Amino acid sequence: ATALAAVLRSHPLLGTLHIGMNPLQDAGVRTLTQALAANPGLTDLGLWNTYLTDAGGSAVASMLSRPSCGVESLFLGGNALGYPAVEDLCRALMTNRSLTRLDLSGNRVSDVGLAKLMQVIRANPRLNTLGLSKAQVTDRGELQLAPFVLEHRPQLKVFGLARFEASFQALKKIRDEETRLREQQKQLAEEQERARLLQQEKLAELEAKTRAVEELQASLEAKQREK
């Protein structure tokens, strides 16, 4: 990790770094993330299966919280990150404006961590892809996530949660049908309003003609009386 950190410092234009399946552990990743402070050009970082625990996850979170961080895709799958690391990552993502894809598959995210991620989903519009396969999220958590995403971030892609996907699609279908019905009702109301206005115009026109006829008749009768 130390040698790689030296390389990172000497190559500030490096854009992609995938070093998954290496036993870097927390200390190694901490060294790397510190070195990445000098590499704002890095946009794609893969740290899956690198034996990270909460301490390593917190080091990654510190990297994400730096204003100079430009990482857009972050892969942390297959590690041992628990709620403390997830909480630190979420705290960093509340202000981070570069990350668009986050993979936490195979970690101990749980429903509690998912609740923190939901806050990020609402607050950070940049995040558009989230991987949560085998992340210890319960069926209840998945079912709670579906309406939340539909309401706040319907374009968000969530991978690895089958019940979420099924629920999301079902809710989306219902919402789309409700939208279609509202549009139909709106169009019908607009057509009814146009018909009402047209009827009013014709009635006003008829009344005007009637008054004109009455006035003409009155005028003729007055002339006849004068004779």
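**A buried serine and its surroundings**

Modeller: Ser167 is buried, with a relative accessible area of 16%. This is a predicted model, so that value, like the others here, is computed from predicted coordinates.

Colleague: Which element holds Ser167, and which residues does Ser167 touch beyond its neighbours up to four places away in sequence?

Modeller: Ser167 has its place in helix H7. Once residues up to four places away in sequence are set aside, the contacts of Ser167 are with Leu143 and Ala146.

Colleague: Is Leu127 buried or exposed?

Modeller: Leu127 lies in the loop between H5 and strand E5 (129–131). Apart from neighbours within four places in sequence, Leu127 is in contact with Leu99, Thr100, Arg101, Leu102, Val120, Arg153 and Leu156. Because the relative accessibility of Leu127 is 3% and the cut-off is under 20%, Leu127 counts as buried.

**Helix pairs**

Colleague: How are H5 and H6 oriented to each other, roughly parallel or roughly antiparallel?

Modeller: The axes of H5 and H6 come within 11 Å and cross at roughly 5 degrees. Angles under 35 degrees count as roughly parallel, and therefore the arrangement of H5 and H6 is roughly parallel.

Colleague: Which residues make the contact between H5 and H6, and how many of them are nonpolar, polar and charged?

Modeller: From H5 the contact draws on Asp111, Leu114, Met118, Ile121 and Arg122, and from H6 on Gly141, Gln144, Leu145, Phe148 and His152. Sorted by class, the contact of H5 with H6 has 5 nonpolar, 3 polar and 2 charged residues.

Colleague: At what angle do H3 and H4 pack, and how many nonpolar residues does the contact of H3 with H4 have?

Modeller: The axes of H3 and H4 are 8 Å apart and the packing angle is about 5 degrees, and the two helices are therefore roughly parallel to each other. H3 contributes Asp54, Gly57, Ser58, Val60, Ala61 and Leu64, while H4 contributes Pro84, Ala85, Asp88, Leu89, Ala92 and Leu93. By class, this contact has 2 polar and 2 charged residues, and the nonpolar count is 8.

**Cysteines**

Colleague: Why is Cys90 too far from the closest cysteine sulfur for a bond?

Modeller: A disulfide is a covalent bond between the sulfur atoms of two cysteines. The cut-off for a disulfide is a pair of sulfur atoms within 2.5 Å, and the structure holds 0 disulfides. Cys69 is buried at a relative accessible area of 14%, and Cys90 is buried as well, at 3%. The closest cysteine sulfur to that of Cys90 is in Cys69, and the separation that is too far for a bond is 15 Å.

**Backbone angles**

Colleague: What is the phi of Tyr51, and where is Tyr51 placed?

Modeller: Tyr51 is not a glycine, yet its phi is positive, at about 65 degrees. At 55% relative accessibility Tyr51 counts as exposed, and its place is in the loop between strand E2 (44–46) and H3.

Colleague: Which helix holds Ser110, a residue other than glycine with a positive phi?

Modeller: Phi of Ser110 is near 65 degrees. The C-alpha atoms of Ser110 and Leu127 are separated by 20 Å, and the two residues are 17 residues apart along the chain. The helix in which Ser110 is found is H5.

Notes:
Residues numbered from 1 in each chain as written. Predicted model: local features only at pLDDT ≥ 70, side-chain atom pairs only at ≥ 80, totals over all residues. Heavy atoms only, no water. Buried < 20%, exposed > 50% of the residue type's maximum accessible area, 1.4 Å probe, protein only. Helix = DSSP H or I, 4+ residues; strand = E, 2+ residues; numbered from the N terminus. Contact = heavy atoms within 4.5 Å. Axes fitted to C-alpha atoms, helices over the stretch in contact; angles between N-to-C directions. Parallel < 35°, antiparallel > 145°, perpendicular 65-115°, else oblique. Nonpolar A, V, L, I, M, F, W, Y, C, P; charged D, E, K, R; others polar.
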